[in-house]
Amino acid sequence: MNRFTSRRVSRMPESVFLQMDTAKKAARAKGLDLIDLSIGASDLPPPRVALQALADAVWDPGTYGYCLRSGFTPFLEAAADWHHRRQGLNLDPHTELLPLIGSQEGFSNLLLATTNPGDLILLPDPGYPSYLGAVAIAELETHLVPLLEEQGFLPDLQSIPAEVADRARVLVLSYPNNPTSGVATPEFMQEAVDFCRRHNILLIHDFPYVDMVFGDYEAPSVLTSHGALDCAVELYSISKSFHMGGFRLGWAAGNREAIAALEKLKSAVDFNQYVGIQRAGIAALGLPREHTRQDALRLMERRDALCEVLTETGWTVQVPKASMYVWARIPAAVSSFDFALNLARETGVAVNPGLAFGERGEGFVRFALVREPEVLREAAQKIAAYLKQTV
């Protein structure tokens, strides 16, 4: 181990994105046109009102200093109003909401604020890779909870051994799900809350895809479940709903004790996001629902275009009801890592191997809906030709 590398960092898994970057560079070196569907970074533009709010703030000297509580209160009031309009919730912006520098930062710091080294966390498998890094930093023990296709990629909470549930401190959920695009029902959310209250577990629901829903499906908030504020924290982000990933802004909502612990920890780590970026977030949160609905329709067109060609060329695909991903089983007995790396090198089409999200992701790949329909159709045709030549 490097003498200036901590045990925490040494425990962190290698990033699949770094390996995929190497394969992408190889494709470019061969002169291939790159169609990168491996990273869930939206290519749609942020709302103009948000950009204007940020531009105006740059010239306001009142935004130049450290952002303490008085500085972020307007953003939390806007978030509280959003929760009331969308979910009928009346959350206290002073005690039940807290700004984040993105939900990924919030997740990692929330673990540090609410757990001790050696505590047990219940993590989904497959799941978002950064969860594992955050768990390593917090020095937690992990019990993996399977997300199986035959169960709609929902965890079977009742199958968790009683001794494990009694010892666990945290359960992590995320629906609409990354990577599987699985969705939850209000009934499942209530079951999860009941499970966590019964075993004195903090329920962390990572909820960045709340607005990326198709048709008449609505993604339920865990906070609308009976008793949720007794045990749950939900993490929100403006990255997906408003295509502002680089702005790094989100918020945590829910249990007062956990929010207070997170605020105390963050007070020693950061002075919150720049007020101008928070004003951009306020402008975005104030937009009518129709704005995110229209963006979701564009994603749905992309979903349909990709799934149609994949199905025509031999893939078995469950058409997702939400999220910005298509999770599909590879129609060949190959390693998902080998498939993704070789596909990128040989065709210029980059997808994410399922194994990057956990052992139960093997055999799958994740497509991000970050290109227009005609490009997604082209990518699917290139994949079909590659499979025909190599399998």
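Biologist: What volume does the largest cavity have?

Modeller: Rolling a probe the size of a water molecule over the atoms shows where empty space is left. On a 1 Å grid over the protein atoms alone, a cavity is a set of points where a 1.4 Å probe fits but cannot get out. Points are joined across faces, edges and corners, and a volume is the space filled by probe spheres set on them. Here the largest cavity comes to about 80 Å³, and the structure holds 3 cavities of 30 Å³ or more. Mind you, this is a predicted model: local features need pLDDT of at least 70, side-chain atom pairs count only at pLDDT 80 or more, and totals for chains, interfaces and linings use all residues. Residues are numbered from 1 along each chain as its sequence is written, and side-chain values use heavy atoms, with hydrogens and water left out.

Biologist: Which helix gives the most to the lining of the largest cavity?

Modeller: Lining residues have an atom within 4 Å of a point, and helices are DSSP runs (H or I, at least four residues), numbered from the N terminus. The answer is α4, with 3 residues; α11 (275-285) and α12 (289-312) each supply at least two. Among the lining residues are Trp 82, Asp 211 and Phe 242.

Biologist: And what is the volume of the largest pocket?

Modeller: A pocket is an open set with protein on both sides within 12 Å along at least five of seven lines. The largest pocket has about 510 Å³. Of its 26 lining residues, Gly 40, Gln 104, Tyr 128, Tyr 209 and Lys 240 are the closest to its centre. The largest share of that lining, 3 residues, comes from α5.
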